[in-house]
Amino acid sequence: MEVSVTLWVLTVVGLAALIGADFFIGRKPHDVSIKEAGIWTAVWIALAGLFGIGLLVFGGGQPAGEFFAGYITEKSLSVDNLFVFILIMAKFAVPSQYQQRVLLIGVLVALVLRTIFIAAGAAIIANFSWVFYIFGAFLIYTAWKLIQEARADEEDEEFEENKLLKAAERRFGVADRYHGTKLWIEENGKRIMTPMLVVMLAIGTTDVLFALDSIPAIFGLTQDPYIVFTANAFALMGLRQLYFLLGGLLRKLVHLSYGLSVILGFIGVKLVLHALHESGVHVPEISIPVSLGVICSVLIVTTITSLRASKKQAEAEALATKGDDAPKDSIEA
């Protein structure tokens, strides 16, 4: 799709305006209600839908299909990221009224860094078509790794700070408590970071690590940098509200890793087939409508089976608890 410089500028300005409005509305620290999170989640999804319809009207079915496939894939991968966000919030004991500010700035940092990743990926793909083999192999490996992690079922998982974060803490020092939404404070004549800044950096840098699989995944669906950027932007910007909306429901999506592994493996195979086709080998290529259908089907099946499994587990735990209480009741009687 031919995208003019003017359209790029208008898109970036429009997204910046939306981020600014989101920041202005949520500027005052407060506990986010389910109603507020639900309304804004619906707004972001609606905006993404309108943008996709705009691509359909002005660009045709191909760009629109690529955008929706990319957006849904990035959104589903982002939901998996929320598990780690929960661990980060717990690790740094972030007060509930400050969590939305942490997510907003953290996601904004991730968006800026992902833009750099996208630009680099687009430049590499434009000059080296063989990189599709690497992307495809990496996604297939990531899919296998997700299955292994899901089977491990580590319940006592804890967030571990990366080396960059530890280096920043050693270099600047960290205050022993939160100071509202302040990022820096003066202590004993020295300027040090607050836990608020540390957790924002943790969210932002961790999300960039997730880009290592999500960026190749979306490049497997479209090689258009404009669509890759906008799909990532819309998927990330609604992440803050989705965090508060889903809440405990995240724990019920027990099969999400399996679903994502199927999606990443599927896109990995699609990339390898595309690479073979580019190399002159006559192999079938997977179309965008087929890709979109597979992605949506996998997510629907995964959600249904997850909720059923969670319900059965809850019933089993309730029966076990009732059984444990029975002897006590009979002894008291």
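I started with the second largest cavity, where α1, α2 (34–59) and α9 (239–246) each supply at least two residues of the lining. Helices here are DSSP runs (H or I, at least four residues), numbered from the N terminus. A note to myself: this is a predicted model, where local features need pLDDT of at least 70, side-chain atom pairs count only at pLDDT 80 or more, and totals for chains, interfaces and linings use all residues. Residues are numbered from 1 along each chain as its sequence is written, and side-chain values use heavy atoms, with hydrogens and water left out.

I looked up the volume of this second largest cavity, and it is about 70 Å³. Of its 11 lining residues, D22, E36, W40, R240 and Q241 are the closest to the centre. For a cavity, I took a set of points on a 1 Å grid over the protein atoms alone where a 1.4 Å probe fits but cannot get out; lining residues have an atom within 4 Å of a point.

Next I turned to the largest cavity, with a volume of about 100 Å³. I found that α4 (99–127) gives the largest share of its lining, 5 residues. I also noted I19, D22, W44 and R240 among the lining residues.

Last, I checked T11, which lies in helix α1 (residues 5–25). T11 counts as buried because its relative accessibility is 10%, and buried means under 20% relative accessible area (1.4 Å probe, protein chains only). Leaving out residues up to four places away in sequence, I see T11 touching Y226 and T230, with contact meaning heavy atoms within 4.5 Å.

Methods
Buried < 20%, exposed > 50% of the residue type's maximum accessible area, 1.4 Å probe, protein only. 1 Å grid on protein atoms, 1.4 Å probe; cavity = no way out; pocket = protein on both sides within 12 Å on 5 of 7 lines; lining within 4 Å. Points joined across faces, edges and corners; volume = space filled by probe spheres on them.
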